[in-house]
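Good morning. I will go through one structure today, starting with the backbone and ending with the charged side chains. Please keep the picture open while I talk.

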Amino acid sequence: IKYPYEFSPKIRKIARSYTNIKVLNGIVNGIFIPIIFVYALLISGAAISIRDFSSFFPLYAFVFLSLMALIQFPLRFYSGYILEHKYGLSNQKVRGWLKDYAKGLFLTYLFSIPVITGLYYLLPLQLWWLYAGIAYFFLIVFMNHIFPILIFPFFYKIEPYRDVRMKQKLVKMAEKFGKHIGNVFVAKESEKSRKANAMFAGIGSTKRIVLFDTLLSSFTKDEVETVIGHELGHYVNKDTIRYIIIDAVRIFPVLLIIDYVLRNSIGKFGITAMNDIASLPLLLLVYYAIDLLFSPALNTYSRHRERAADMFGLEVCKKPKAQISTEKRLADLGLVDDSPHPLVEFLLFTHPAPAKRIKMVQDWKK
């Protein structure tokens with residue numbers, strides 16, 4: 001493995017093109033299409049027609065989610081399969097991609113239908129937003145707890161990390177901060193793509209660090225150590241808990257605004273009561289709008305936490321040469337634009353641009 005790794009000028013040009021297409025697709029399919037869809041259902045009267053056909057809360061939710069999935073599918077297939085193959089990033093056959101897509105859709109139904117149903121049973125209550133906010137807090141705690149042991153393995157083959165020497169080093173690094181890492185796993189990303197990654201996930205007894213096998217096979221030992229140092233930074237800094245608290249606090253003003261809009265919309269758009277399931281498109285329209293307003297601030301905070309994890313890895317591993325090499329190799333391997341437009345980064349990126357992460361390491365060396 002070439003070390004230290006340097007950017008490939010050819011790959012940098014391709015990465016900019018790839019990133020721009022992915023960003024555009026994310027904006028169109030992740031923002032514009034859902035907003036246009038729920039708005040069209042609302043003003044066209046289609047939401048009323050669906051309610052008359054399926055007024056039972058779970059059935060309405062199923063029909064609504066199915067229609068949403070149907071209109072988003074073409075761009076999801078293009079972005080997740082066609083584009084990934086065009087740029088040589090994917091190892092999946094069509095059947096494998098469709099299988100993963102079906103799994104994701106199944107989980108959407110499994111969790112979203114009960115949430116929508118429960119919400120509409122709460123809506124007639126005077127303080128429904130308070131009860132819903134409390135329920136939401138417990139839901140995100142539960143989801144974070146089960147994610148690494150049930151949801152992630154639903155998509156990936158997982159096995160224990162077998163590098164005893166590196167794991168011992170990781171354990172010692174964690175023990176310096178009064179933490180214990182017993183769960184380090186490897187995910188078979190190579191069956192899906194050539195992208196490399198790692199993550200810290202879970203809370204309580206499910207806390208673990210997961211390394212992709214593509215990271216272990218394509219990076220040097222020192223580079224892998226810097227990645228582990230970064231993930232350990234998330235663990236020591238309790239970033240998962242931070243995000244849970246922020247998300248739980250954020251939901252209350254969102255629900256209060258939704259409460260105001262729904263109460264003032266009774267008698268409009270064919271909505272007859274607070275718990276009229278035909279109001280679901282309006283509810284989601286308000287939620288999407290508020291979420292858009294919150295996103296830049298949340299993404300800014302996320303980049304701040306990522307920088308803190310980078311700095312933690314630097315202070316603990318003290319391998320700036322390897323960390324810079326890692327950032328460059330990750331960017332080239334995943335076709336990540338190292339210097340996106342500042343406005344695009346501010347609005348959409350949850351991680352600092354690679355060029356900024358590299359500069360931080362260079363400044364640390366000085």
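**Backbone, hairpin, pocket and salt bridges**

F269 is partly exposed, because its relative accessible area is 41%, and buried would need a value under 20%. Bear in mind that this is a predicted model. F269 is found in the loop between α9 and α10 (280-317). Its phi is positive, about 55°, although F269 is not a glycine.

Another residue to look at is K238. It sits in the loop between α8 (221-236) and α9 (239-263). Phi of K238 is near 55°, again a positive value in a residue other than glycine. K238 counts as partly exposed because its relative accessibility is 44%.

Which form does the peptide bond from Y3 to P4 take? That bond is cis, with omega near -5°. P4 belongs to the segment before α1 (9-44).

Now the hairpin. Strand β3 covers residues 198-201, and strand β4 covers residues 208-212. The two run antiparallel and are joined by four bridges. As an example, A198 has L211 in β4 as its bridge partner. Six residues lie between the strands of this hairpin, and in it G202 takes a positive phi near 90°.

Where do the side chains of β3 point? A198 and F200 point one way, M199 and A201 the other way. In a regular strand, side chains alternate between the two faces of the sheet. All four of these β3 residues, A198, M199, F200 and A201, are buried.

Two or more lining residues come from each of α4 (94-122) and α5 (128-155). Helix α4 gives the most to this lining, with four residues. What classes of residue make up the lining of the second largest pocket? Eight are charged, three are nonpolar and two are polar.

That brings us to salt bridges. A search of the whole structure finds 24 of them.

The side chains of K22 and E84 meet at 3.3 Å, N to O. This pair links distant parts of the chain, with K22 in helix α1 and E84 in helix α3 (residues 57-86), 62 residues apart. K22 counts as partly exposed because its relative accessibility is 28%. E84 is at 6%, so it counts as buried.

The next pair is D310 and R357, at 2.8 Å, N to O. It also links distant parts of the chain: D310 is in helix α10 and R357 in helix α13 (residues 354-365), 47 residues apart. Are these two buried or exposed? D310 is buried, with a relative accessible area of 2%. R357 is buried too, with 12%.

The last pair stays within one helix. D363 and K359 form a salt bridge at 3.0 Å, N to O. They are four residues apart in helix α13, so about one helical turn separates them. D363 is partly exposed, at 37% relative accessible area, and K359 is partly exposed as well, at 47%.

Finally, some salt bridges share partners, and these join K169, D222, E225 and K319 into one network.

How values were computed:
Residues are numbered from 1 along each chain as its sequence is written. This is a predicted model: local features need pLDDT of at least 70, side-chain atom pairs count only at pLDDT 80 or more; totals for chains, interfaces and linings use all residues. Side-chain values use heavy atoms; hydrogens and water are left out. Buried means under 20% relative accessible area, exposed over 50%, partly exposed in between (1.4 Å probe, protein chains only). Two strands pair if DSSP finds at least two bridges between them. Ala, Val, Leu, Ile, Met, Phe, Trp, Tyr, Cys and Pro count as nonpolar, Asp, Glu, Lys and Arg as charged, and the others, Gly among them, as polar. A salt bridge is a side-chain nitrogen of Lys or Arg within 4 Å of a carboxyl oxygen of Asp or Glu.
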